[in-house]
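User: I would like to learn how to read helix packing and strand pairing in a model. Where do I begin?
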Amino acid sequence: MDILQIVANGVPAGMMYGLVALGIVLIHNGTNVVHFGYGEQITLSAYIVVVLQVIFHVPFWLACLVSIVLSALFGLAIYLGILGPLRRTPLIVQIIATLAIGLGIREGLRAFMGPDPWPFPAIVANKVYDVHGVFITTANIVVVTVSIAIAALLFLFFRLSRYGHAILAACESPRGASIVGISVKQVSAAIWVLASVLAAVAALLMAPVLTLSPDMGLIAIKGFCAAILGGFVSLPGAIVGGVLLGLIETAAGYYISTATKDMVAYGALIAMVIFMPQGLLGKRQIKKV
Amino acid sequence: MSGLLSLCDVTVRFGGLVAVNNVSIDVQEGMIHSLIGPNGAGKTTIINTVTGVYAPTEGAIYFDGLPLAGVPPNQICRRGLTRTFQNTELFGEMTVADNVRVGMHSTAEYGIVSAILASRRCRATEAKISEKVAELLDIVNLTDQRGTAARALPLAKMRRLELARALAANPKMLLLDEPAAGLRASEIEEMNATLLMLRDKLKIAILLVDHVMPVVMGVSDRITVVNFGQKIAEGTPKDVQSNPAVIAAYLGH
Ligand SMILES: Nc1ncnc2c1ncn2[C@@H]1O[C@H](COP(=O)(O)OP(=O)(O)O)[C@@H](O)[C@H]1O
Ligand SMILES: [Mg+2]
């Protein structure tokens, strides 16, 4: 039963990492920028729910909805106000800008909301089911269901819709895309909005499970690991990488000790980077000159 | 300015370098007009300027009677003008068929495609799109590769795929940047036949940049020769071949 319990705990944890990785990979594919403030965008969305609910007494579901919309607008603002204008600067400048955005959010939250954790309501009342000796919580069921639904929606969007095709095209060849009538700027803006909506959804799933403090965004490090395990260019890879990371961590926590699980997870990451640099589902990068 | 595409005294400078110097070209409707000249003569820069990648430092460009100044690259194809690239700019991870499909992005038909709301009208549109994709792949002889990722194609096929993608937007005019470079003799024959078919059957005007003389001399109605950014000759293939300035430019005198 051990293995089944590890799967039951590891997969939901991994799905959360996978969601974070999805947002990071989306932005990276679409704009070449590695977004080091993504975790803080997640934290901010969670705080918005708390502020609306606790301080303004907005019903929980409405607060969630407003948080998703605000996060989308915030993503658009980041693009229009910061990374769009910076798009011709060296990549390192853009990456430092994302770091600054993240630190700004984190320290802003610490200043206005205090350093202490806030309670975050669970999306559904928490119950534990005993399935033939394997314990499964409702929170985990929600995480897995929502993650799979999001992955499926994204898959359909990119495979079958005209806009999905346009985004993929612009990611692969901005020049080729613009000559067939695709606005690369609109695509970049759309990617920021999409990734920011994902951040808000991830916040709703994570905040009840993790601790909602200004430092919750550090979870993004696990998102980066998941993205790298998956190859950093592939959306399904992000999810697969996340699940793998979740399973490794949970197994390490179970068989060795909880204290070592991060160490083992990062060890696996380093091994991956050395022996399989293209990741699980990544492709070897061949850039045209 | 009497042609479908008119460049009027166009100059393009990059800092101190004059890449295109006071060049005027008129491409007439339904014609294949070639632009030739040694490497670095400014041919690609001319195409890039027409398609909005660069703005002309001086001069004006008209397409179909309207000025092109300030029209962003992604709006140009909506006017009926499209291009291929010297180093192909395909969507490498997408299939051959999807590359052509995306080429229809600017056309109205492609707009309603939505997998989730698969209404009857939607399916009808989808069928029409697939039909057009099949037709275009047939024209460029890539039907058998329709499911292959574009990056896996050999160069000659990438060139033809880029042509099909350009045709998907229903252009009035095509700008082709060295479509025959690196092709074998048999492939050059095919390219010639395709270009003539585009002109004669689809009535598409073509501005063709190429070094491959069998292509240029075989299909051109008119040829403009540039060297060091300047137009040095213009006329029929015969005129140009016997022009002393052209011979000098190619022999490097
Ligand atoms: N973006 C650019 N910036 C600076 N110089 C350029 C740029 N594009 C082209 N050039 C220069 O302009 C000249 C013409 O180049 P190009 O148009 O590519 O020539 P061709 O296509 O005829 O071989 C060359 O000297 C080239 O180095
Ligand atoms: Mg060139």
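Analyst: The contact joins Ile78(A), Ile82(A) and Leu83(A) of H3(A) to Gln94(A), Ala97(A) and Ile101(A) of H4(A), contact meaning C-beta atoms, placed from the backbone, within 7 Å. This is a predicted model, where local features need pLDDT of at least 70, side-chain atom pairs count only at pLDDT 80 or more, and totals for chains, interfaces and linings use all residues. Residues are numbered from 1 along each chain as its sequence is written, while chains are lettered from A and ligands numbered from 1 in the order in which they are written.

User: At roughly what angle do the axes of H3(A) and H4(A) cross?

Analyst: Two packed helices are described by the angle between their axes and the distance between the axes. Here H3 (residues 60–83) and H4 (residues 91–113) of chain A cross at roughly 130 degrees, their axes coming within 12 Å.

User: Which residues of S3(B) lie on each side?

Analyst: In a regular strand the side chains alternate between the two faces of the sheet. In S3(B), Ile32(B), Ser34(B) and Ile36(B) are on one side, His33(B) and Leu35(B) on the other, and all are buried (20 or more other C-beta atoms within 10 Å of a residue's own).

User: In which sense do S3(B) and S8(B) pair?

Analyst: Parallel, over 4 bridges; pairing needs at least two DSSP bridges. Leu35(B) stands opposite Val209(B) in S8(B).

Key. Buried ≥ 20, exposed ≤ 12 C-beta atoms within 10 Å, placed from the backbone. Helix = DSSP H or I, 4+ residues; strand = E, 2+ residues; numbered from the N terminus. Axes fitted to C-alpha atoms, helices over the stretch in contact; angles between N-to-C directions. Contact = placed C-beta atoms within 7 Å.
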